[in-house]
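Have a look at it first, then work through them step by step.

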Amino acid sequence: AAFVAQANAIRAVIGLSRRPVAVPDEQPPWHEIDADDVLARLDTSAGGLDAEDVEKRRAPDEHDEAPSLPRAVAGELANPLTPVLAGAAVVSGAVGSLTDAAVVGSVMAFNGLLGGAQRFRVERAVRALDDRNQQHVEVRRGGTIEPVAPDDIVPGDIVHLDAGDAVPADARILGAEALEVDESSVTGESVPVVKGPAPNDAVTVADRTSMLWAGTAIAAGSVDAVVVATGSATEAGRAGTEGDDADASERSGV
């Protein structure tokens, strides 16, 4: 049983080491490019994208899979004790102890079903709570403004944000009115930063006043901006990926 457990652990580690690491593509210097050129490069316009363009640009893995009971049960059974118990049941059956084999198998199946059902209920409740609390963003699509969930935003979308709104993605400012942004979560700035559509050639993220960064918040004014990056391709997403890689290297001694 110990040998089976060790073999299963080795198999899991080998599979994990072979899993490819998603590396975000290098982004163009959007802060240096004129707003009209940014729209042209993203193949969009001030009127926004249409429904067909949105579907083409939405990544297939952008949304988490919906919770399902079979997947939850499989997740409960995917642990080092499962092969040990299964091996014990097989050995018991092979030596003629069918009752012991049936008991072990029944307990293992019941535990998987019970744990899977609980996990399924929790995942569904968390998803429902997240959907209820999710702040929608005003996005211009097909010439009209409509509220859209942050997860449904794609590069090329034209977003409108007012004071108090959270920035859902990295975006290039197209127009702004008395705009100030709280960027403390990304750059560490302790005071709101004045921003506008004028391009600049700043090297540091904190000085790129023509950009909005995902995870920041509008402190004052209003802004229209075109989304240039979402998810792991944002400045915050790339920082998180680099941090995870550094932690993994440190744990492995590299």
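**Exercise 1.** Which residues have the most contacts inside the largest nonpolar core?

*Solution.* Before you start, note that this is a predicted model, where local features need pLDDT of at least 70, side-chain atom pairs count only at pLDDT 80 or more, and totals for chains, interfaces and linings use all residues. Residues are numbered from 1 along each chain as its sequence is written, and side-chain values use heavy atoms, with hydrogens and water left out.

Step 1: a nonpolar core is a set of buried Ala, Val, Leu, Ile, Met, Phe, Trp, Tyr and Cys residues joined through side-chain atoms within 4.5 Å. Buried means under 20% relative accessible area, exposed over 50%, and partly exposed in between (1.4 Å probe, protein chains only).

Step 2: the largest core has 17 residues, and I153, V159, L161, L179, L212, I218 and V223 have the most contacts inside it.

**Exercise 2.** Find where K195 and E183 sit, and say whether they are buried or exposed.

*Solution.* Step 1: their side chains meet in a salt bridge at 2.3 Å, N to O (a Lys or Arg side-chain nitrogen within 4 Å of an Asp or Glu carboxyl oxygen).

Step 1: K195 is in the loop between β5 (193-194) and β6 (211-212), and E183 is in the loop between β4 and β5, so the pair ties together parts 12 residues apart in sequence. Strands here are DSSP runs (E, at least two residues), numbered from the N terminus.

Step 2: K195 is buried at 6%, and E183 is buried at 0%.

Methods: Helix = DSSP H or I, 4+ residues; strand = E, 2+ residues; numbered from the N terminus.
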